[in-house]
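Here is a briefing on one protein model. It covers the domains, the sheets and the salt bridges.

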Amino acid sequence: MKLGSIIIEVFSTQAKPSENLTTVLNALSIPLIKRINQTTLPDLNTLLPTLHSLTQHLDGIVIGYNDSEFYVLDENRRLVTHFKEYGADIAFGDGYPEGMVFLILRPETLPVMENIRTQHKISVSREVFHNIIETDVNTFDIDNIYPDHSLRTLRLSFFSNNIQNIYTLSQIKKLPQIQTLKQKSNSLYAFNDIAEIILSHKHILKTIPKYYEFTLTNYGAHHHTFSPYHTHHNPNTEKKLQQKETSPQEPPISPQEPPITHLSLKNYSIMLRKARAFSKDPIIALAGCTDPTTHPKWTQFVETTLNHKLNCIIETSALGFSKEIADTLLTHPQKSFLKIIFKLNGTTAAMHAKVTGLPPNLSIETFTPQFEKRLEAIEYYLLRNPAQSYIEITKVRDNIHHLSEFYDHFKRYTPNIIIAKYNSYKGHLQERRDDPMRPFYPIDCWHLKRDFYIDELGDVWVCKQDFHKKHCLGNLITDPIEQLFNNGTPYYQNHLNNWSFCKNCDEAYTYNF
């Protein structure tokens, strides 16, 4: 069976292939057919046809990327052997960090992949092959190999394609054990050697923040019974909620509204500039513990974020949303950077109120037309931007029999329907889940590893569960962001050592964009 390799460079700023990549290809006696870079591929959309034209004389194409230094010899040899023995359309490793194991394709698979890509409007990126397979997995004969030690839950990538990966890789490469291994193996690593070193040094995997979640205001806490702000401003309410569980027929106890604090656009701009300088390409979420659209100037925060050409996510129940605002967002020149997650707990006012309760001093008769107006605005936006908008329902006991109806209603508007898990904030809120689920074994917290949670005062919480700010990292408005990042490192190390603060938390495995 005749194999040849393609090194893809168009998704990297690295000038030449890593020494490790070429060393592994040479050790496996796989000749290089072509390096695909910006010169050889001026139009990304021609990637798959170009690969096909270059490799029709081969039985298999071994695809590697030039910006990983940890392709492993043993598992790639096993993958090549599998491909030669079983002759699948596609062969790859499952459970390995990105950048350790090659992808192998039959050349005749590429036109089929290109048809799927164009039909489903899949953009050409480093993930294009994975996204095509995921879209139409039954079209292909797929062969996988699996490691002895799965590193899947670490969500590691060895590609040097963003500041987070580059920082993590720099920490790994500094380890004396890795340096010794590189010298002994001449960059021909064995997977288990790498895995064992990483698993015994997990504290170095905390990386530069990627996801920044902002709470814009503490106003409207009474609208949001899934938020800790709903109770923690009022000790009496909190005590009552701990003593008594609300029945499905009875709205949750509503606290008195705390003194209103809105984040100013000036302070937000200061924090945004810091986040961009430190994280290069951060994801900005306007979400937090209250609905961002209750801030009187929330659209200005969105516009400021988009004008910086930063990815912006809005999570909202549409309390301050309208068709007019939808039209403004839909026509923004940087709208491709915007995603909106609309959060409802029913398709009717009655069902939504059953789950969330009614705002103070509001009857169901008064609430219904308000809800219907919000629903109409949400549907209006979803119809006009289904690819970049989402509808979410939080699964709790009170709506578990409504989930199918919810799905059937909104699938007409968008394929992006989220059924979210309920977060009790470590028991601070009532337990409302029908079937509490958590992993069988502990998972290192993704949020402590790469998220920043910023409240309306600019304070950075150690994580979203720390709404009492017992472990505040500092203030993003006034403090150097590097200092805040360093302040979080001991907490991540504590987490890996069974920190009591994390004992009742089941959010570690959840993942933000």
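Predicted model: local features only at pLDDT ≥ 70, side-chain atom pairs only at ≥ 80, totals over all residues.

Two strands count as paired if DSSP finds at least two bridges between them. The chain is assigned two parts, domain 1 (3–200) and domain 2 (211–227 + 260–502).

- T394 has A420 of β12 as its bridge partner.

**Strand β4 and its partners**
- Strand β4 (residues 90–93) pairs with strand β5 (residues 103–105). The two run antiparallel, with 3 bridges between them.
- F92 sits opposite L103 of β5.
- β4 also pairs with strand β6 (residues 142–145). Here the sense is parallel, over 4 bridges.
- A91 finds its bridge partner in β6 at D143.
- In general, strands of a sheet pair through backbone hydrogen bonds, in either the parallel or the antiparallel sense.

**The domain interface**
- The C-alpha centres of domain 1 and domain 2 are 35 Å apart.
- Contact involves 6 residues of domain 1 and 9 residues of domain 2.
- About 600 Å² is buried between domain 1 and domain 2. Carbon and sulfur atoms give 63% of that area.
- On the side of domain 1 that touches domain 2, the residues divide into 3 nonpolar, 2 polar and 1 charged.
- How many salt bridges cross the interface of domain 1 and domain 2? The rule finds 0.
- Polar contact between domain 1 and domain 2 comes to 1 residue pair, with both residues at pLDDT 80 or more.

**Salt bridges**
- The whole structure holds 22 salt bridges.
- One of them joins the side chains of D67 and R126, at 2.8 Å from N to O.
- This pair links distant parts of the chain, 59 residues apart.
- D67 lies in the loop between β3 (60–65) and α3 (73–86). R126 lies in the loop between α4 (109–119) and α5 (128–135).
- As a general point, side chains of opposite charge can pair when their charged atoms come close.

Notes: Residues numbered from 1 in each chain as written. Heavy atoms only, no water. Domains from an automatic or database assignment. Contact = heavy atoms within 4.5 Å. Buried area = accessible area lost by both parts, 1.4 Å probe. Salt bridge = Lys/Arg side-chain N within 4 Å of Asp/Glu carboxyl O. Polar contact = N/O pair within 3.5 Å; in protein donor to acceptor, adjacent residues only side chain to side chain. Nonpolar A, V, L, I, M, F, W, Y, C, P; charged D, E, K, R; others polar.
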